[in-house]
Structure formats: C-alpha cells, structure tokens
Amino acid sequence: MSAQTLDIRAEQAKEIISYDPGTGKEIGRAPIVTDEEVAESVKRARRAQVSWAGQSFHERARIVMRARRIVLDEMEEIALLISRETGKPVVEAISMELVPTLDLMQFFARRSRKLLRPQKINIGQYGLMGRTSRIVYKPLGVVGIISPWNFPWAIPLGEVVMALMAGNAVVLKPSELTPLTGLKIGDVFRRAGLDEGLLQVLTGDGRTGAALIEAGVDKIMFTGSVATGKRVAESAAKTLTPVVLELGGKDPMIVLEDADVETAASAAVWGAFSNSGQACASVERCYVHESVAQKFIESVVEKTRALKQNLGAGNEDADVGAMSSERQLNIVEEHVSDALKRGARVLTGGRRADSLSGSFYEPTILVDVDHTMTVMREETFGPVLPVMIIKSEDEAIRLANDSRFGLTASVWTKSVRRGRAIAERIEAGTVMVNEVLYTHGIAQTPWGGMKQSGMGRTHGRLGLLELVMPQHVHVNRIPRLRDMWWFSYSPRAARLFRGLARRFATGNVLQTSLLLPQMIRRLIEHHEKTDRKNRDAR
Ligand code: TXE
C-alpha cells in the first residue's frame, strides 16, 4: 500500500502505517487505540491529575524544563522525524516547529505562576462595606488535545505544555498522518520524569478522536478542519464539554501603494509556500494595489521560480518539500483547475512537480482571479498564491472580509498608523502589519480565529486561561454586620431600595454617599428588628 492509497483504518486494522509523503515509503507503525482503551486512559489521567494539581508551579516547571533539555539534545532526530512524516524540509522543521516550542516551553515554565496569580477585583463601594473579591485559577482536570498533521510537533506540544503547567492531565490524539511525532512528544515527557498518567498519547484516527470526546474529558483543544471542528463541537455539546477550536483560514495579504514592494514580495512567497502552504495562517490570497501590482507580481514570480523543491531530508538547501498527503495534493489540483476554468492564469507552477516522485506540487502563482473561484473562497492548504489587483484600500478591506474565515491577515504599508487603522477593520483573530504568518511562534501572543476559523484561543495569557477554571472567592470581612437587603423588609427598607436604584453606582463614592444616612438608619432598624425577633423566639 502506498501513501496515495492509504486508507488509514480498514475495518479490521489495528495499526496506522506512517508514510513519508516525499518517498511513499513506510516510516513506522502505531497502534489504533480502542474506544475502551481511550476511556481507561481518561480515567487514569483523572487519577494522576489529583496529585499533579497539588504540585507547585516550580515543580511542574522542573519537569517541563527537563523535557526541554531532552528536546534540545535530540533536536536533529526529532526534526528528521517531523520531516519524514510530513514531507517538510528538516530546516523548516527546526525553524517552524522546534525553535518556537523550545521558547514556549521555557516561557510557560517560567511565567505560568505569574500569569495565573490570583487576581483581586476592584468592587467599588462593596469594598467600603468590608468585602473583597479575588479570582483564583484552578486546573480543569483532564484536557483532551486533538491535533492535525501540518505542524505535528508545534501545535500539540505547545498545548501540552500549557495544560500541564496549569495543573491538568493531558490525553493527546495526534493526527493519523503523523502518529510517530505525537508518540515522540509522550516519550520526551516520560523520560523527563512525568507520571505516565499525566500525558498519554493515543494514536488512532477520527474515531479515536471521537472516543476521546465521549470519554468525558474536561476540555477539548481541537485543531483541524472546519467540518471536523463542527462535529467535535456537536459531540462535546452532549456533555457540555467546553471546546477550543482552531480551524482553517483563508488569510488575506493586502499590499498597498506605499508598501515596501520587494519586502512584501519576499513575505508573500514565504507566507504562501513555507510548509508547502499547509499552515492555517498561510497567505492564501493576495490583494495588491494597481499602482505597484506589476512590480510586485514580477518580483513574486521571480522569487517563486528561484525556490528549490526537493525531499525534506538530506537537502539543507531545499526550500519547499512534499505535501503531507496525496489527498491534500488533490484538493490543490481541484482549486487550481477550477480557477483556470473560470479565467485565471498561471504565471508559474500550476502542476505536480514531475521530476520528483512523491506528493510534490510546484509553488504556483495565479492572476486574473476573483471571488467566484474556489481558490479565493475555500482553504486551499497548499502552495498556491492567487494575486488580485485592487484599486483602493476600501476595496481591499471589503474583499479581505468577504470570507467565512477570519484567522490571520496582513497589511503592507510604510505608514504604521494607516496599518493599525486598517487592521482594526479586518475580521481576523490576528492582523499583522508588515509581517506574515509567524505569530503562532510567539508564545506570549494569543492565537485563534473569528468567524468559521474557530473559537477560543491558544498561546499567551488568553490561551493559558482556556486551560483553567476561574473561581471567584468573595469574602465579607465584617461578618457581624447584616446586609441591608436581607429580611425583614419594611417601608424604610423600601425607601432605601428605591434610593439605591436611583443613586447606587459602584465606583462613584460621592453619589452613593448621599444615601449614607438612610443606609445607617436601615442597618440600625435591621439589627434592632432581628434581635427583637430572636429574643421573642427564645
Ligand atoms: O483534518 P481533520 P484533515 C484543513 C485543511 C485540510 C482539511 C482536512 O484545509 O485540507 O482541514 O484535513 C481528528 N472527532 N486543516 O481531514 O479531519 C483527526 O484524526 C474527533 C486545517 O486531515 O480536521 C485529526 O487528529 N476528532 C488545519 C484531527 O481531527 C476527529 C490543520 C484533524 O483532522 C474526528 C489540518 C472526529 N469526528 C487541516 N474526525 C489547521 N487549522 O491548521 C477527525 N478527527
């Protein structure tokens, strides 16, 4: 069986065979975990989590930093494994998967305690009444992570580290296309001394992912397609399990007349073709102002033609590797063929790379495109850059927002002020000015989409907060004082309540203080009445 005909799970299959999409050769095998094993793993995780939640941030960080040391020592081996399972160049596995995760590991190991420090809330006048409010962040319990094949190391590992630092146990279901990279993550943490129940990697396909949701975890972190994301949300809704969904994108790049055209062209080529275009934040469509369009397009074509495409392993100068699967390559072919039928032109690429035997598609530049074409509307997730010429900033923003997706976007202009103003008009979770694609690599910044690109966030403080349960603890420091709104009611109480309705404003002491005499009378009445009642009862 080749990677092309790979039907991951025949009815009776007990194993996933992992293939190198660059060569079609088998790399290794991983078990398909049964539904019963999934349920058992979640129970095991739940048991292990209890003592993990009691460990200090310092103790959790020690394990994460030990794991980091192992990753660093075995970086070349890990990069090669990622490269062979995905088809991407080893160099890119290092730059896009290892560099950011090594940084993320140290960042969350050092900072989680501070990021999750209990927070005091200013409750205005209630504070003057002797009350305090704090938020404490408690671990969720067991977090289920279902991850994709495009960044089989960076996407799950970042979430694993954050979930563990927040005091959770993790059950990870990696993509069926990249099970060995997923298992490697588990192996690294096991050797770092993490209790085996705290991070379990369960290999399998979509059914294994579905079983994980049904096994009753406390949150699902899912990254993948919109269609599967909807299925995940539907299934999680049955048990009201919260979900974070990181779904697809159709990320626009806007190049304005005052952009640095050469730099923008280099960014477009890297943004569209790194990882063979298989990043949710890849530049999937480009809108360039007519005044710089010719220069930009010529430059983009020249830079694209200069890219070297080759097997990811053993070729340090290969820029673009293979696509992850033949299925993904077929999607790219469909999008390009639909565009050509509707009048688009190929300036370079537009076909499989015939000189290479695996799943390689040539980096492709399309022009004369419009929004009737699939390539401008659906996620292509391949090395294709359609470029459309626009006449104005407003037109570019309108077209950028004419999409059901909203993950990232980029704006290219020398005016930072203009860039920021445009960014705020674009419907996307992240908008970059004079940058593309890379902010998933910044541990401190939130990652997530608007519209059909998903919900919730990973990374940064917002991402960490997804992995904890905020608990509000409210304290009355003067327990002897009865509240004026308690029983029993009276005409005086009614007058005070009407006054409060008109004047009570937390944060505005002066306005509320006008009611002070009434409040004091009410409190006296309150205490006298209740004390009398208590005496009578005795
Ligand atoms: O992803 P799936 P696929 C997009 C991209 C690509 C398309 C399809 O456009 O062409 O999705 O890719 C698990 N319950 N992205 O089909 O199916 C599955 O086993 C629970 C964008 O490979 O979404 C895998 O671990 N889990 C994206 C994970 O979901 C289920 C990255 C993702 O698989 C499941 C990948 C179910 N019912 C693809 N069915 C991005 N945003 O980066 C499958 N899975």
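Student: Where is the place of serine 488?

Tutor: Serine 488 sits in the loop between β20 and α17 (491–503). Helices (H or I, at least four residues) and strands (E, at least two) are DSSP runs, numbered from the N terminus. Keep in mind that this is a predicted model, where local features need pLDDT of at least 70, side-chain atom pairs count only at pLDDT 80 or more, and totals for chains, interfaces and linings use all residues. Residues are numbered from 1 along each chain as its sequence is written, and side-chain values use heavy atoms, with hydrogens and water left out.

Student: And the peptide bond from phenylalanine 487 to serine 488, cis or trans?

Tutor: That bond is cis, with omega near 0°.

Student: What about leucine 240, is its phi positive or negative?

Tutor: Positive, at about 50°, although leucine 240 is not a glycine. Leucine 240 is found in the loop between α9 and β9 (243–246).

Student: OK, switching to the ligand. Which residues come nearest?

Tutor: Trp149, Lys173, Glu176, Arg327 and Glu379, out of 30 residues around the ligand. A residue counts as near if one of its heavy atoms lies within 4 Å of the molecule.

Student: Which polar side-chain atom lies 2.5 Å from an oxygen atom of the ligand?

Tutor: One from tryptophan 149. Asparagine 150 has a side-chain N or O atom 3.1 Å from a ligand oxygen, and a backbone N or O atom of serine 225 lies 2.8 Å from an oxygen atom of the ligand. A polar contact here is a pair of N or O atoms within 3.5 Å.

Student: How much of the ligand's accessible area does the protein cover?

Tutor: The protein covers 88% of the 820 Å² that the ligand has on its own. Those areas come from the Shrake-Rupley method with a 1.4 Å probe.

Student: Which element gives the largest share of that shell?

Tutor: α8, with four residues. α8 (206–214), β8 (219–223), α9 (226–237) and α12 (326–341) each supply at least two. By type, the shell has twelve nonpolar, eleven polar and seven charged residues. Ala, Val, Leu, Ile, Met, Phe, Trp, Tyr, Cys and Pro count as nonpolar, Asp, Glu, Lys and Arg as charged, and the others, Gly among them, as polar.

Student: Where does the ligand lie relative to the domains?

Tutor: Domain 1 (7–247 + 462–471) and domain 2 (251–443) both contribute residues to the shell, so the ligand lies between them. The assignment also gives domain 3 (484–537), and the C-alpha centres of domain 2 and domain 3 are 65 Å apart. The bounds come from an automatic or database domain assignment.

Student: Now sheets. What is the strand order in the open sheet of seven strands?

Tutor: The order is β12-β13-β14-β11-β10-β16-β17, with mixed pairing. β12 (345–348) and β17 (430–433) are at the edges with a single partner strand each, so one side of each has no neighbour in the sheet. Two strands pair if DSSP finds at least two bridges between them.

Student: How do β11 and β14 run?

Tutor: Parallel: four bridges join β11 (residues 283–289) to β14 (residues 384–390). Cysteine 286 has valine 387 in β14 as its bridge partner.

Student: And what is the order in the sheet of three strands?

Tutor: That open sheet runs β3-β4-β20 with antiparallel pairing. β3 (119–121) and β20 (468–476) are the edge strands, each pairing on one side only. Three bridges link β3 to β4 (residues 131–139), and isoleucine 121 has serine 133 in β4 as its bridge partner.

Notes. Polar contact = N/O pair within 3.5 Å; in protein donor to acceptor, adjacent residues only side chain to side chain.
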